[in-house]
Amino acid sequence: MAVGMSMKADEVGQYNYRKKITLFVVLSCMVAAMGGILFGYDIGISGGVTSMDSFLKKFFPKVYRRMKEDTEVSNYCKFESELLTLFTSSLYVAGLIASFVASIITDSFGRKPTIIVAGVAFLAGSGLGGWSYNVYMLILGRVLLGVGVGFANQSVPLYLSEMAPPTLRGAINMGFQFSVGIGVLMATLINYGTQKIEEGWGWRISLAMAAAPASVLTVGAIFLPETPNSLIQRGSDHEKTKQMLQKVRGTNDVQAELDDLIEASNSSKTTKKPFKTILERKYRPQLVMAIAIPFFQQVTGINVISFYAPILFRTIGLGESASLMSSVVTGSVGIVTTFLSMLTVDKLGRRTLFMSGGIIMFVSQMMVGAVLAGKLGDEGVISKGWSYIVLILICIYVAGFGWSWGPLGWLVPSEIFPLEIRSAGQSITVAVGFLFTFIIAQTFLAMLCHFKSGIFFFFGGWVVVMTGFVHFLLPETKNVPIEQMERVWKGHWFWKNIVGGDVHVEAK
């Protein structure tokens with residue numbers, strides 16, 4: 001049985017789009033990818049401020065007292081607090097709801113307005129967070145940040161995939177995850193500096209500084225062009241769309257791609273209820289991926305590392321400054337490996353990166369779990385040497401994620417949906433991601449308390465499941481034009497039985 005599959009261009013339609021990478025596309029995608037920095041900054045900043053003594057003392061005094069004074073509490077349980085996890089996870093509930101609203105705006109008004117709304121909401125949330133004087137203001141600010149992140153995560157990956165030429169779509173779309181990594185690193189560096197402010201108000205700077213990338217995105221998005229796909233979907237005349245295609249592709253010979261867009265647009269106009277349409281049998285593979293990929297991305301355990309890395313490193317005995325600096329190291333590793341993934345994804349393909357990254361993550365998680373099980377009990381700390389071994393293993397894990405599930409978790413869903421259900425499909429992807437991010441963020445500290453080192457075995461088991469899922473059920477999508485993507489399902493050994501068709505596929 002052929003598990004993998006590829007597409008022979010001469011059998012499924014010649015992919016003879018004329019294109020070259022233009023400065024216009026590069027600048028547009030760089031501005032749009034700033035939406036990833038918003039998401040990354042928020043992930044990094046929340047974990048950092050919740051490890052600051054001054055922040056805990058002001059908003060979560062019970063956690064602070066337990067950490068400092070209660071010597072009988074297990075190392076794994078010192079940070080367990082429903083209110084503390086609500087602060088972290090409230091953003092994801094707001095983002096989940098916002099992603100469905102964003103779908104309507106994206107379909108009706110385009111990708112560009114949705115990105116602008118994301119920037120404005122994030123600006124408001126960062127201001128409120130920085131000026132918070134009680135926990136309610138703090139959580140309301142997080143909700144506004146969630147609206148911004150929900151709108152950005154729904155629109156930016158679509159924007160990048162639609163603007164990119166097929167042969168570079170993987171690299172350009174991965175700019176979103178690369179920006180997420182930059183945002184996490186920025187936040188961690190800022191936390192490292194602000195936690196040294198002796199007066200204890202450094203956390204305010206950390207939360208308020210989110211306004212910087214939000215301002216860049218908001219202002220930059222005003223000047224963004226709309227994607228050709230969105231223009232024709234919303235009824236723009238063919239000549240206007242053709243002119244945008246020519247500008248985006250850097251050539252006048254765009255008729256083949258325009259014809260595909262027109263055909264996709266005509267199909268999409270018959271779809272009045274995309275969230276109902278996506279339930280139809282012919283869209284079953286896309287729906288499964290829209291749910292499975294973001295679910296698997298969350299149960300890799302990466303957000304546990306991102307949210308709670310400073311707390312985790314303090315749990316194993318590193319001090320406040322050392323724990324934040326350790327997060328800087330892991331964040332830097334993630335950025336480097338995501339960049340390497342950007343350079344290779346359109347050559348090696350999505351499946352190769354998924355499989356190799358899964359193996360790396362599984363091995364490193366098993367080793368972290370084994371070290372903590374053997375060396376860290378409920379009380380005391382492990383030696384500095386073993387602490388740094390754990391740090392190295394977590395860096396290897398982050399490298400595996402940055403190489404695979406990090407960027408590919410955004411890339412693959414954004415490129416597989418036909419135009420008529422694209423916005424709805426992306427909203428489902430984002431919502432599922434937020435839902436399970438919320439669940440994990442809300443339960444992780446309790447899981448850490450009860451599972452102890454077994455938490456790493458728990459997530460490692462999921463990595464095995466998701467790697468098998470990719471091996472058997474995900475076809476290769478590299479170099480396939482986004483408006484011809486339905487052909488990969490018709491050539492897949494399993495999905496062809498669901499959607500019909502028997503196209504032999506071999507990616508070029």
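Guide: I21, L23, V26, L27, M30 and L168 make up a nonpolar surface patch, with about 550 Å² of accessible area together. The model is predicted, so local features need pLDDT of at least 70 and side-chain atom pairs 80 or more, while totals for chains, interfaces and linings use all residues. Numbering starts from 1 along each chain, and side-chain values use heavy atoms, without hydrogens and water.

Visitor: What makes a patch?

Guide: Its residues have over 30% relative accessible area and no salt bridge; nonpolar side chains (Val, Leu, Ile, Met, Phe, Trp, Tyr) are joined within 5 Å, like charges within 9 Å. A salt bridge puts a side-chain nitrogen of Lys or Arg within 4 Å of a carboxyl oxygen of Asp or Glu. Areas come from the Shrake-Rupley method with a 1.4 Å probe.

Visitor: Why does M30 count as exposed?

Guide: Its relative accessibility is 53%. Exposed means over 50%, buried under 20%, partly exposed in between. Therefore M30 counts as exposed. M30 lies in helix α2 (residues 23-32). A helix is a DSSP run of H or I with at least four residues, numbered from the N terminus.

Visitor: Is N479 buried or exposed, and why?

Guide: N479 has 16% relative accessibility, so N479 counts as buried. It sits in the loop between α24 (454-473) and α25 (486-490).

Methods: Helices (H or I, at least four residues) and strands (E, at least two) are DSSP runs, numbered from the N terminus. Buried means under 20% relative accessible area, exposed over 50%, partly exposed in between (1.4 Å probe, protein chains only).
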